[in-house]
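Subject: Structure handover and notes

Hello,

Here is the structure we talked about, with the sequence alongside. My notes follow below it; please read them with the model open.

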Amino acid sequence: MTFQDIFKSSFLENVGSVGAFDMVLALVLAFGLGMFIFLVYKKTFSGVMYSSSFGVTLIALTMITTVVILAVTSNVVLSLGMVGALSIVRFRTAIKEPLDIAFLFWSIAVGIVLAAGMIPLAVVGSLAIGIALLVFVNRKPHLNPYIVVLSCEGHTSEQKALDFLAGKVRKCVVKSKTAQKGLVELNLEIRMKEDNTDFINELADMDGINSAVLVSYNGEYMG
């Protein structure tokens with residue numbers, strides 16, 4: 001074995017497997033589309049507490065996926081080793097919002113498509129997905145469900161309140177009812193006709209109504 005054989009390695013042979021221009025172009029596009037995904041996430045967020053770190057994660061995930069796929073496509077042997085290495089990785093972070101899963105897969109998909117050289121597909125696909133999310137997620141707030149917590153003094157005031165709500169909202173459904181002596185508490189799911197909550201003030205001022213509380217509801221939390 002000669003001195004040259006000692007330093008002869010396939011590792012050094014892979015240095016130029018991916019061109020510098022390809023790397024720079026792919027990473028710049030990945031950063032740009034990652035920023036677009038981040039902005040769409042910021043505009044469509046409707047959870048309890050906004051996390052800026054998750055938005056940065058979307059940008060980083062797009063770029064990281066691009067780097068990984070560039071390496072995999074340049075070497076078939078490396079792709080097999082990469083599959084084995086990634087198969088042992090386990091992520092334990094809980095996803096609180098179902099829509100966050102879509103953004104994570106979106107970032108990964110953009111990174112894969114960009115590294116595969118399908119730039120038009122990545123750009124046009126991202127624009128289409130972003131527009132769809134902006135249209136369907138940012139709906140008018142009065143179409144979302146609300147919960148009315150109502151405290152009444154008896155059956156007469158209860159029926160009067162229900163009749164009043166039936167004329168003020170698009171839909172009113174009793175979700176639960178608690179009856180005690182001289183007190184009735186109702187939880188009502190409503191769909192408002194317009195973005196105006198003044199009817200709750202009128203409801204609270206009615207005779208026989210102790211209190212009326214309106215809270216937004218998205219199926220997982222109230223706030």
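How many salt bridges are there, if one is a side-chain nitrogen of Lys or Arg within 4 Å of a carboxyl oxygen of Asp or Glu? The count is 4. Before the details, note that this is a predicted model, in which local features need pLDDT of at least 70 and side-chain atom pairs count only at pLDDT 80 or more, while totals for chains, interfaces and linings use all residues. Residues are numbered from 1 along each chain as its sequence is written, and side-chain values use heavy atoms, with hydrogens and water left out.

Salt bridges

Lys175, Glu189 and Arg191 are linked in a network of salt bridges. In the bridge between Lys175 and Glu189, the closest N and O atoms are 3.4 Å apart. Lys175 lies in strand 2 (residues 169–180) and Glu189 in strand 3, so this pair ties together parts that are 14 residues apart in sequence. Helices and strands here are DSSP runs (H or I, at least four residues, for helices; E, at least two, for strands), numbered from the N terminus. Glu189 also meets Arg191 in a salt bridge, at 2.6 Å from N to O.

For accessibility, buried means under 20% relative accessible area, exposed over 50%, and partly exposed in between (1.4 Å probe, protein chains only). Glu189 counts as buried because its relative accessibility is 16%, whereas Arg191, at 24%, is partly exposed.

Glu202 forms another salt bridge, with Lys168, where the closest N and O atoms are 4.0 Å apart. Since Glu202 lies in helix 9 and Lys168 in helix 8, the pair ties together parts that are 34 residues apart in sequence. Both residues are partly exposed, Glu202 at 40% and Lys168 at 37%.

Nonpolar cores

A nonpolar core is taken as a set of buried Ala, Val, Leu, Ile, Met, Phe, Trp, Tyr and Cys residues joined through side-chain atoms within 4.5 Å. The largest has 20 residues, of which Leu150, Leu188, Ile190, Phe199 and Leu203 touch the most other members. At least two residues of this core come from each of strand 1 (145–152), helix 8 (155–168), strand 3 (183–192), helix 9 (198–204) and strand 4 (209–216). Strand 3 gives the most, with 5 residues.

Leaving aside residues up to four places away in sequence, Phe199 touches Phe164, Leu165, Lys168, Val169, Ile190 and Met192; contact means heavy atoms within 4.5 Å. There is also a second, separate core of 15 residues, which includes Leu33, Phe54, Ala122 and Leu133.

Aromatic pairs

Rings of Phe, Tyr and Trp (its six-membered ring) pair if their centres lie within 6.5 Å; planes under 30 degrees apart count as stacked, over 60 as edge-to-face and the rest as tilted. By this rule there are 5 aromatic pairs. Phe36 and Trp106 make an edge-to-face pair, with 6.1 Å between centres and 90 degrees between planes. Phe36 is in helix 3 (residues 20–44) and Trp106 in helix 6, so the pair ties together parts that are 70 residues apart in sequence. Phe36 is partly exposed at 25% relative accessibility, but Trp106 is buried at 5%.

The rings of Tyr41 and Phe54 have centres 5.0 Å apart and planes at 50 degrees, so that pair is tilted. Tyr41 belongs to helix 3 and Phe54 to helix 4 (residues 52–74), 13 residues apart. Tyr41 is buried at 2% relative accessibility, and Phe54 is buried at 15%. Ring pairs link Phe36, Tyr41, Phe45, Phe54, Phe103 and Trp106 into a cluster.

Thr44 is in helix 3 and is buried, with a relative accessible area of 2%. The Thr44 side chain reaches the backbone oxygen of Val40 at 2.7 Å. Not counting residues up to four places away in sequence, Thr44 touches Leu99, Phe103, Leu133, Leu134, Val137 and Asn138.

Helix 6 (residues 98–115) has 18 residues, which at 1.5 Å a residue should span 26 Å; its end C-alpha atoms are 27 Å apart, which agrees. The expected span is 1.5 Å times one less than the number of residues. Among the buried residues of helix 6 are Asp100, Phe103, Trp106 and Ser107. Just after helix 6, Gly117 takes a positive phi of about 90 degrees.

Regards

Methods:
A polar contact is a pair of N or O atoms within 3.5 Å; within protein, one must be able to donate a hydrogen and the other to accept it, and residues adjacent in sequence count only if both atoms are side-chain atoms.
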